[in-house]
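This short report looks at a helix pair, a ligand site and some backbone details. Please keep the structure shown here in view while reading.

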Amino acid sequence: MLPALTMGDPAGIGPELTVKAWEQLRTQGEGFVWIGDPALIEGIPTQIVNEPEQAGAVFAHALPVLPVYLPGPVVPGQPDSAMAGQVIASIERATRLALEGRVSAVVTNPISKAVLKAAGFGFPGHTEFLASLCGVPGEEIMMLASPQLRVVPVTVHVSLREALDSLTTDKIVQVGKALAQALRRDFGFEAPRIAVAGLNPHAGEGGVMGLEEQVMIEPAIRILREAGIDASGPYPPDTLFTDLARPLYDAALCMYHDQALIPLKTLDMASGVNVTLGLPIVRTSPDHGTAFAIAGKNRADPTSLLSALRLARDLGVRRASGKEKRP
Ligand SMILES: NC(=O)C1=CN([C@@H]2O[C@H](COP(=O)(O)OP(=O)(O)OC[C@H]3O[C@@H](n4cnc5c(N)ncnc54)[C@H](O)[C@@H]3O)[C@@H](O)[C@H]2O)C=CC1
Ligand SMILES: NCC(=O)COP(=O)(O)O
C-alpha cells in the first residue's frame, strides 16, 4: 500500500516538490499516489488512476494521479482562494482513503492558512482539520521531528498572547501524556524521556522572572511523573536545545509554537518533518510552507518532503507491527 500525497496550494512549491520526489523515488521501489490536478505537473509523465491500488504498478514510469480538477489556471507564486475547494477536497480524499485502509498514510503538501481562511476554511491548518475528519477533534498533537530533535508545542497556531492565556497545567499534562504514548507506539521508545521547557527566561529563576513554572509547569511535570512518564524540567529554554542537552531527552515539550519550531528549523529545516500525533491514521508533511516567492522557479528543495514520505512509511510499518503483536 502506498501513501497519498495531497496537492497543497497549487500556486506554491507543492507541484514542483511532487515532481522532484517522483524523480527521486521512482527507481527505489517506493512511491505515492498524488491527489491533485494533473495540469500542475510539468516535465514528467503522469497517469490518471481510478483507484489508489493501481498506483504501485504505475509509479516506476509515471506519476499516478487521483484527479482533483481546479476551476482555472494557476500562476505560480500567486495564490487564489478560488482554488480552496479543491485544495480541501484533496486533503479530504486522502484522509478518507487512509481511514478506509486503502492508502498507508496521508502526506500533505503545504497549504496557505491565510488563503484558505479567506475562502471560509474553519480550521487553523491541516492538523486540526485532519483531527476533525478523523472524528477525534481536540486530540491532535503537532510534532516536528528531525534526526537531531523532536519537539511538540503545547499551544499551536494562536497568537503568543493567546498561547499564554490558554496554557494550563491540564493542557500540559494532556499533551505530555499523548506525546509519551506516541513516542512509544510510533517511535519505538520503551521509556521515552520528555524534557519540559520553561516559559520564562531562566525558567522563571525561582519566581523572580515569572511564576508560570511554579504554578503551572512544575505541577504538570509532577502529574506526568506520577503517571509513570519520565518527564523532567522545567528547563531554561535557551539551553534546552544545545548540542550538549539534546542527547539527554527523546522529545522536548514546549510551551508555544516558536519555542519549538525555531530550534528545529534552525538546526535542520531541510530534514524536518511535521507529524500529527493522536490520529487513527499516519500523517506527515514537510516542515516548511508554500514558499510562494520561489514557486515556479525550480529552486524548491524536496528533502523535507522526501523525509516526510520516508517517515510516513516507517510509522506505518511500526503501527502495523504493533497491531500484529496485540492479542
Ligand atoms: N504544513 C503546512 O501546510 C504549512 C504551511 N505553511 C504556510 O506557508 C505559507 C508561507 O509561510 P512562511 O512562513 O513564509 O514559510 P515557508 O516555509 O513557506 O518559507 C520560509 C522560507 O523558506 C524558504 N523555503 C521554504 N521551503 C523551501 C524549500 N523546500 N526549498 C527551498 N526553500 C524553501 C522560502 O522560500 C522562504 O524563504 C503560510 O501561508 C503558512 O501558513 C507554513 C508551514 C507549514
Ligand atoms: N508551523 C507548522 C504548521 O504550520 C503546520 O501546519 P499544518 O500541518 O497544521 O497545516
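## Packing of H7 and H8

In this predicted model, helix H7 (residues 169-185) packs with helix H8 (residues 212-226) at an angle of about 40°, and their axes are 8 Å apart. H7 and H8 are therefore oblique to each other, and the crossing in which H7 passes H8 is right-handed.

On the H7 side the contact is made by Thr169, Ile172, Val173, Gly176 and Lys177, which meet Met216, Ile217, Pro219, Ala220, Ile223 and Leu224 in H8. By class, this contact has eight nonpolar, two polar and one charged residues.

Ligand 2 has around it the residues Ile111, Gly125, His126, Thr127, Leu261, Asn274 and Ser285. This shell divides into two nonpolar and five polar residues, with no charged residue.

## Backbone details

The peptide bond that joins Gly233 and Pro234 is cis, with an omega of about -5°, and Pro234 lies in strand S9 (residues 230-235).

Ala203, although not a glycine, has a positive phi of about 50°; Ala203 is placed in the loop between strand S8 (193-197) and H8. Because Ala203 has 25 C-beta neighbours inside 10 Å, it counts as buried.

Asn298, also not a glycine, has a positive phi of about 55°, and its place is in the loop between strand S12 (283-286) and helix H10 (303-325). Asn298 is exposed, with 12 other C-beta atoms within 10 Å.

How values were computed: Residues are numbered from 1 along each chain as its sequence is written. Chains are lettered from A and ligands numbered from 1 in the order in which they are written. This is a predicted model: local features need pLDDT of at least 70, side-chain atom pairs count only at pLDDT 80 or more; totals for chains, interfaces and linings use all residues. A residue is near a molecule or strand if its C-beta atom, placed from the backbone, lies within 6 Å of it. Ala, Val, Leu, Ile, Met, Phe, Trp, Tyr, Cys and Pro count as nonpolar, Asp, Glu, Lys and Arg as charged, and the others, Gly among them, as polar. Axes are lines fitted to C-alpha atoms, for helices over the stretch in contact, and angles run from 0 to 180 degrees between N-to-C directions. Helices (H or I, at least four residues) and strands (E, at least two) are DSSP runs, numbered from the N terminus. Angles under 35 degrees count as roughly parallel, over 145 as roughly antiparallel, 65 to 115 as roughly perpendicular and the rest as oblique. A crossing is left-handed if the near helix is turned anticlockwise from the far one by less than a right angle, and right-handed if clockwise. Two residues are in contact if their C-beta atoms, placed from the backbone, lie within 7 Å. A residue is buried if 20 or more other C-beta atoms lie within 10 Å of its own, exposed if 12 or fewer, and partly exposed in between; C-beta atoms are placed from the backbone.
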